[in-house]
Amino acid sequence: MSRTPKSPARPTRAKASKPDVRPLDEHLAALLSPGLVRSGGDGFGEMPQAGFDTGTPPPGDRVRDKGLTRAAMLADAPKRVRQGNVKRFADEDEDAPLTNGTVGAGATVDALKQLLEQGDPRFREKRVWTPHRPPRPEKSEGGRPFELVSEYEPAGDQPQAIDELVSGVERHERDQVLLGVTGSGKTFTMAQVIARTQRPALILAPNKTLAAQLYGEFKSFFPNNAVEYFVSYYDYYQPEAYVPRTDTFIEKESTINEQIDRMRHAATRALLERDDVIIVASVSCIYGIGSVETYTAMTFTVKVGETVEQRQLIADLVALQYKRSMGDFTRGTFRVRGDVIELFPAHYEDRGWRISMFGDEVESIVEFDPLTGQKSSDLEFVKIYANSHYVTPRPTLTQATKAIKDELRQRLDELNRSGRYLEAQRLDQRTTFDLEMLEATGVCQGIENYSRYLTGRLPGEPPPTLFEYLPDNALVFTDESHVTVPQIGGMYRGDFRRKATLAEYGFRLPSCLDNRPLRFEEWDAMRPQSIHVSATPGGWEMDRTGGVFVEQVIRPTGLIDPEIDIRPARAQVDDLLGEVREAAARGFRTLATVLTKRMAEQLTEYLHENGVRVRYMHSDIDTIERIEIIRDLRLGAFDVLVGINLLREGLDIPECGLVAILDADKEGFLRSETSLIQTIGRAARNVDGRVILYADRITGSMERAIAETNRRREKQRAYNEANGITPESVRRSIGDILESVYERDHVRVDTGFAEQTATIGHNLKATMADLEKRMKEAAADLEFETAARLRDEIKRLQATELAVADDPMARQSDVEAKAGNFEGARPYGSAGNLPPTRAKKPASEDMGPHNLGGGGAKPRKR
């Protein structure tokens with residue numbers, strides 16, 4: 001007995017036995033398989049999928065067609081499919097297309113193409129945008145001045161630069177440029193400007209490593225003030241993305257670093273509570289965090305002697321997203337023991353608060369060590385901030401849920417009418433699940449995509465960022481501005497392309513586009529007075545100042561820019577081989593930069609075949625491997641490091657006596673004026689540093705870079721002659737010179753045990769001889785643990801030298817598998833991007849007055 005076939009609009013799942021069905025009617029067959037009847041032989045075309053019911057009628061009181069006959073449905077099938085199988089109003093034009101003629105997946109592609117080509121329609125008109133300046137609460141610790149602590153005084157052309165910058169700030173100039181070479185003490189100059197103007201500051205760095213270096217420097221300059229660290233708290237972050245070409249959806253994955261998260265909380269708390277604040281941040285600070293209004297409204301104060309019900313206090317802590325714990329007492333948790341509530345604040349690393357109650361009265365508040373339980377001080381009151389920057393009050397969450405549902409209904413109707421049923425079904429399922437999670441728990445996976453509704457911003461408005469926390473009189477320093485400023489401009493564009501694809505293919509609502517970093521125009525309008533610091537300022541910074549800049553090119557230590565030699569590129573490899581051997585014989589290292597990865601590999605193999613100890617830094621090597629390679633280079637495990645864009649900004653190698661730039665006449669990004677000046681500067685850390693440019697012709701970039709270097713060199717020589725400084729006399733104490741405040745502008749990879757006595761230019765034999773001598777001295781003094789560590793380091797260096805000699809192209813992980821790796825303490829964490837942590841719990845006098853009671857608390861008077 002044959003079965004009645006089901007409607008094609010409601011397909012069934014595949015089964016083991018196929019039932020008997022009647023052949024399709026001619027009209028329906030033409031509709032579902034147009035390639036069978038189409039002339040021209042262009043194959044099977046794409047037709048839209050069958051519609052599905054969203055469960056609720058779309059807006060506009062449209063109704064499903066239930067009374068039509070089968071013949072009428074088949075006759076009207078093409079138009080019905082295009083319109084999403086929905087009957088329209090009688091006064092509407094039935095023939096009016098809802099799209100540009102495409103349906104289904106084609107409509108999605110067209111919509112995405114239009115969005116990417118024309119940009120966000122809300123920003124196509126250049127409208128004037130007014131920055132949002134939310135009101136801030138009264139500061140509980142205002143009025144403290146900046147106190148600069150340093151045994152050095154400004155030298156060289158630092159006094160002139162500081163005076164010009166300070167006068168520019170006092171004249172309310174919005175932009176200034178500080179052109180300072182590496183080693184001229186730019187960081188010290190910034191600290192002097194902050195101390196003289198007595199204004200809070202935000203230091204923008206292009207990456208975490210430089211931010212950590214700056215954080216350590218400013219922490220030493222201002223030990224009695226609030227110097228905070230604000231960078232991305234992700235150790236690993238894989239954003240949510242969709243690749244239409246391969247139909248691949250990439251789920252969001254992330255690993256949060258608890259230490260950096262704590263420091264972010266400390267930074268925002270300090271901005272709201274203090275005047276003497278310096279925030280060292282990476283460019284990630286232009287991404288959204290919780291709004292100032294919500295973050296401040298969700299705080300509360302607990303005072304000794306006040307009346308508060310214990311259950312209400314617990315409920316308030318839960319509302320601030322603190323978790324109640326009976327076992328593991330960690331940051332962001334609290335525990336209740338009878339009438340005592342112990343809280344581990346979000347911005348602390350090793351201190352907690354113990355709130356003791358007598359009935360409904362707060363009897364005492366004590367600060368204690370969570371590990372030992374030892375009491376450190378009595379407090380009069382504490383101000384408790386939220387455990388998350390994204391904390392949201394329940395009424396706001398309820399309103400946001402209703403607004404999300406309204407947008408979902410409108411978006412589903414739009415997708416269905418365009419025949420984009422797969423996208424509609426996907427969006428309905430994902431958003432409904434998120435709404436259920438929000439209503440049940442208050443959070444969901446990817447809650448940041450609904451930030452527009454949670455923060456109360458209008459469509460197209462930027463999300464709240466760290467810049468809204470800054471006071472109006474703050475200063476912004478953009479370190480390495482020629483890199484930092486373009487990063488700010490590029491972040492929005494990259495984020496927009498990823499979010500637009502997600503929105504058009506139904507993975508997110510269109511409102512996810514408002515969860516974004518600041519656009520460059522918005523950052524420009526929101527930032528306060530700014531000072532752009534770089535050795536090679538970019539075009540945007542110079543345009544803002546009309547070409548005027550403050551110059552700081554003299555190194556007080558006497559080091560001068562290197563000499564530049566131009567040689568033909570026809571025999572550059574053989575000439576480089578001779579120069580490398582000569583530099584290695586003198587105990588110096590060489591940096592060689594090329595244009596392509598293939599050429600770098602071939603050059604590495606050629607130098608290795610000719611007996612040169614050489615390594616190549618791969619483009620896919622992570623931070624910690626790069627630091628290990630540079631450390632081995634400094635110690636002399638190999639003599640030459642070949643790469644493509646080696647160390648233009650950031651790390652310094654004082655042992656580098658030669659920088660070779662191959663194919664210097666190939667005009668482009670890697671051989672632009674900025675790139676050449678930055679690469680030449682890598683040899684300025686050595687008294688005997690030289691630079692060789694291999695080129696068959698002198699390009700405009702080369703001519704400008706050489707002229708600028710020679711100009712700086714002549715100015716530095718004139719200063720040295722006037723002050724009786726000769727670079728030759730500096731060579732003997734080069735180790736001490738490089739540790740001065742003037743020369744600590746950039747990160748220098750530590751060389752571990754060898755750094756205390758090794759001098760610049762030591763080769764590996766001298767380094768290991770020094771280690772062996774110290775090992776024997778330690779053993780004679782019965783310091784066997786130190787002697788054992790030195791012995792292991794000697795073995796590691798010997799094994800590293802052999803591993804590099806066997807295969808210069810080996811990955812650093814392979815070298816470490818054979819030789820081991822350095823296990824000493826690193827100044828910037830295991831990944832080279834964290835500031836130093838405290839090894840012991842500091843006393844109150846070690847931490848400065850701003851940490852008494854934790855900044856958000858006040859010590860109890862006795």
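Reader: Is Glu 240 buried or exposed?
Author: In this predicted model, Glu 240 is buried, at a relative accessible area of 6%. Buried means under 20% relative accessible area, exposed means over 50%, and partly exposed lies in between (1.4 Å probe, protein chains only). Residues are numbered from 1 along each chain as its sequence is written, and side-chain values use heavy atoms, with hydrogens and water left out. Because the model is predicted, local features need pLDDT of at least 70 and side-chain atom pairs count only at pLDDT 80 or more, while totals for chains, interfaces and linings use all residues.

Reader: Which residue forms a salt bridge with Glu 240?
Author: The partner is Arg 430, and the closest N and O atoms are 2.7 Å apart. A salt bridge here is a side-chain nitrogen of Lys or Arg within 4 Å of a carboxyl oxygen of Asp or Glu.

Reader: Where do Glu 240 and Arg 430 lie?
Author: Glu 240 is in the loop between β4 (234-238) and β5 (241-243), and Arg 430 is in helix α12 (residues 421-441), so the pair ties together parts that are 190 residues apart in sequence. Helices (H or I, at least four residues) and strands (E, at least two) are DSSP runs, numbered from the N terminus. Arg 430 is partly exposed, with a relative accessible area of 23%.

Reader: How many salt bridges does a search of the whole structure find?
Author: The search finds 54 salt bridges. One of the pairs is Glu 655 with Arg 634, at 2.8 Å from N to O. Both of these residues, Glu 655 and Arg 634, are buried.

Reader: Which residues are linked in a network of salt bridges?
Author: The network links Arg 174, Asp 175, Asp 524, Arg 527 and Arg 544.

Reader: Turning to the sheet, what is the order of its 7 strands?
Author: The order is β3-β8-β2-β16-β17-β1-β18, in an open sheet with parallel pairing. Two strands pair if DSSP finds at least two bridges between them. The edge strands, β3 (226-230) and β18 (550-552), each pair on one side only.

Reader: Over how many bridges do β2 and β8 pair?
Author: Strand β2 (residues 201-205) and strand β8 (residues 277-282) pair in the parallel sense over 5 bridges. Within this pairing, Ile 203 stands opposite Val 280 in β8.

Reader: Which helix packs on the sheet?
Author: Helix α8 (residues 258-273) packs there, touching β3 and β8. Contact means heavy atoms within 4.5 Å.

Definitions and conventions:
Axes are lines fitted to C-alpha atoms, for helices over the stretch in contact, and angles run from 0 to 180 degrees between N-to-C directions.
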